[in-house]
Amino acid sequence: MTEFRSMAAETGEPHGDPFKVHGPADVAAACASADAAFIRYSSTSREDRAAFLERIAEEIMAIGDPLIEAAMTESGLPRARLDGERGRTWNQLRMFADVVRRGQWLQVRIDPALPERQPPRPDLRMRMVPLGPVAVFGASNFPLAFSTAGGDTASALAAGCPVVVKGHPAHPITGDLVAQAISRAVAACGLPEGVFGHLVGPSNELGATLVQDPRIAAVGFTGSRMGGLALSRIAQTRKVPIPVYAEMSSINPVVLLPEALKARGAELGAAFVGSLTMGAGQFCTNPGLVLAIEGEGLDAFIGAASETVAGAGPQTMLTTGIRDAYAKGVEALSGCAGVETLAKGETGDRTRGDANLFQTTGSAFLSDEGMGHEVFGASSIIVRCKNEGELAKVIAGLEGQLTATLHMDAADEAAASRLLPALERKVGRILANGWPTGVEVCHAMVHGGPFPATSDSRTTSVGSLAIDRFLRPVCYQNLSQSVLPDELRDDAASNGVPRLVDGKLTLD
């Protein structure tokens, strides 16, 4: 295949002009260009790099309506959602510009020489440096905020790493518009062309070739467990293995504690379905699992949730492939022993998926790990536990997740405290009396979690901490002041970068 075309999500039919399919020679050229740009780009001043990130944000906003219209056609997502996603993209680029300026990410540490000590201590200074060119894979469900100029790209560029994006084939027109905006920012800021590259094509081989290129130093990925694991295997079998930061699979358990259920079970049931069906359920934080203890409040929750699901209309899914995979996942879950179908929304078609709600018992869930696998779409299963002990066992048996939610009243706080240590082992974010769909871009956010939610639970793909994925520490021993990097020199103490000097934090 030498060309491919965008597909309109609503119809599943080809849309727009064809795109050239990039091949191995294009991958090699993009990676060589990124590698050639690395030293110069990684050496840019904090101010220049921050200004570059801000220029990208402005160039994306300057595209205007054509960007939103392209994303609407290619994803089937509504304008309001995509307007918000574009704003989030703008916000996270500007947040990382601020992070770069502040300099905490450098993690400067200085242990001055102690020549009189026995044995003498040499002069030791440390800072974080960028890894090298980063391969970023665009996500299907966020054509702006998690794709070409999404969080992985923003954080890698903030760290000083050139980026080669493998655009998602579900939205090539959207990706191309954003890629052109980034390239305009590169040129306007006088940076080497290789600071950003963009590759397109529908095959898995294109992505595999990109990860295999020896000039790529790390990978950012958001997508299926199968895709993330495949890339991880490739990265680990290279001559020089590299990290793959993959966000993959999560069903985001919602725990309904007894007093909250008694007080507002029906209200929670309706609100739960609003979160479940948002965006056709195509969120990595979609609440695909509800855990609760048997009781009157649970019956009220199930009644309201079932009624709301039954009245839910079908929604356009991102691609016909995702729609087909969702239908297979729903069929597999409904066929599990001990699973009962509670409600089904209005029937969809080849591009639209319907909502589905199931229930089972705690003992049945514990006996079949297939019930805990992600079904990407508006499908969820309620697990009715006999008591708090069985609820704790279900939580202990879960795979790693991005989020867990506790719905509780004041009288539930003791139970919540008992469950908290188990939840901490399983998830990256614990929230109370809300719904997991929606991720704030800020400094305290963690969008990560134990496997298979991510391939590395020590990191996050959202928030300022995401920059750490693309940095590594370097120690400088007994180097003269004139040779040391700027941030490590004695006369740099007033440049605004926090420094840990002889174990004491100093702030200018």
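Biologist: Is Cys 442 buried, partly exposed or exposed?
Modeller: Please keep in mind that this is a predicted model. Cys 442 counts as partly exposed, because its relative accessibility is 23%.

Biologist: Which cysteine sulfur is closest to the sulfur of Cys 442, and how far away is it?
Modeller: The closest one belongs to Cys 284, at 15 Å, which is too far for a bond.

Biologist: How many disulfides does the count give, then?
Modeller: The count is 0 disulfides. A disulfide is a covalent bond between the sulfur atoms of two cysteines, and the cut-off applied here is a sulfur pair within 2.5 Å.

Biologist: Let us turn to the rings. How many aromatic pairs are found in the whole structure?
Modeller: The search returns 8 aromatic pairs. One of them joins Phe 4 and Phe 19, whose ring centres are 6.0 Å apart with 40 degrees between the planes, a tilted arrangement. This pair links distant parts of the chain, since Phe 4 belongs to strand S1 (residues 3-7) and Phe 19 to strand S2 (residues 14-20), 15 residues apart.

Biologist: Are Phe 4 and Phe 19 buried or exposed?
Modeller: Phe 4 counts as buried, at 8% relative accessibility. Phe 19 is buried as well, with a relative accessible area of 15%.

Biologist: Which residues make up an aromatic cluster?
Modeller: Phe 142, Phe 146 and Phe 283 form one such cluster.

Biologist: Which arginines lie over the ring of Phe 142?
Modeller: Arg 81 lies over the face of Phe 142, at 4.5 Å from the ring centre. Arg 88 also has its charged end over the ring of Phe 142, 5.6 Å from the centre.

Biologist: Now the backbone. Where are there cis peptide bonds?
Modeller: One runs from Gln 118 to Pro 119, with omega near -5 degrees. Pro 119 is placed in the loop between strand S3 (108-111) and strand S4 (124-130). Another cis bond joins Phe 451 and Pro 452, where omega is about 5 degrees. In this case the proline, Pro 452, lies in the loop between strand S18 (427-432) and strand S19 (471-477).

Biologist: Where does each of them lie?
Modeller: Gln 107 is in the loop between helix H4 (79-102) and S3, and its relative accessible area of 29% makes it partly exposed. Asp 502 is in the loop between strand S20 (499-501) and strand S21 (504-506); with 40% relative accessibility, Asp 502 also counts as partly exposed.

Biologist: One last topic. How do helices H9 and H10 pack?
Modeller: Helix H9 (residues 258-277) and helix H10 (residues 296-310) have axes 7 Å apart, at an angle of about 20 degrees. H9 is therefore roughly parallel to H10, as angles under 35 degrees count as such.

Biologist: What is the handedness of that crossing?
Modeller: The crossing of H9 and H10 is right-handed.

How values were computed
Residues numbered from 1 in each chain as written. Predicted model: local features only at pLDDT ≥ 70, side-chain atom pairs only at ≥ 80, totals over all residues. Heavy atoms only, no water. Phe/Tyr/Trp six-rings, centres within 6.5 Å; stacked < 30°, edge-to-face > 60°. Helix = DSSP H or I, 4+ residues; strand = E, 2+ residues; numbered from the N terminus. Buried < 20%, exposed > 50% of the residue type's maximum accessible area, 1.4 Å probe, protein only. Lys NZ or Arg CZ within 6 Å of the ring centre and 35° of its normal. Axes fitted to C-alpha atoms, helices over the stretch in contact; angles between N-to-C directions. Parallel < 35°, antiparallel > 145°, perpendicular 65-115°, else oblique. Left-handed = near helix turned anticlockwise from the far one by under 90°.
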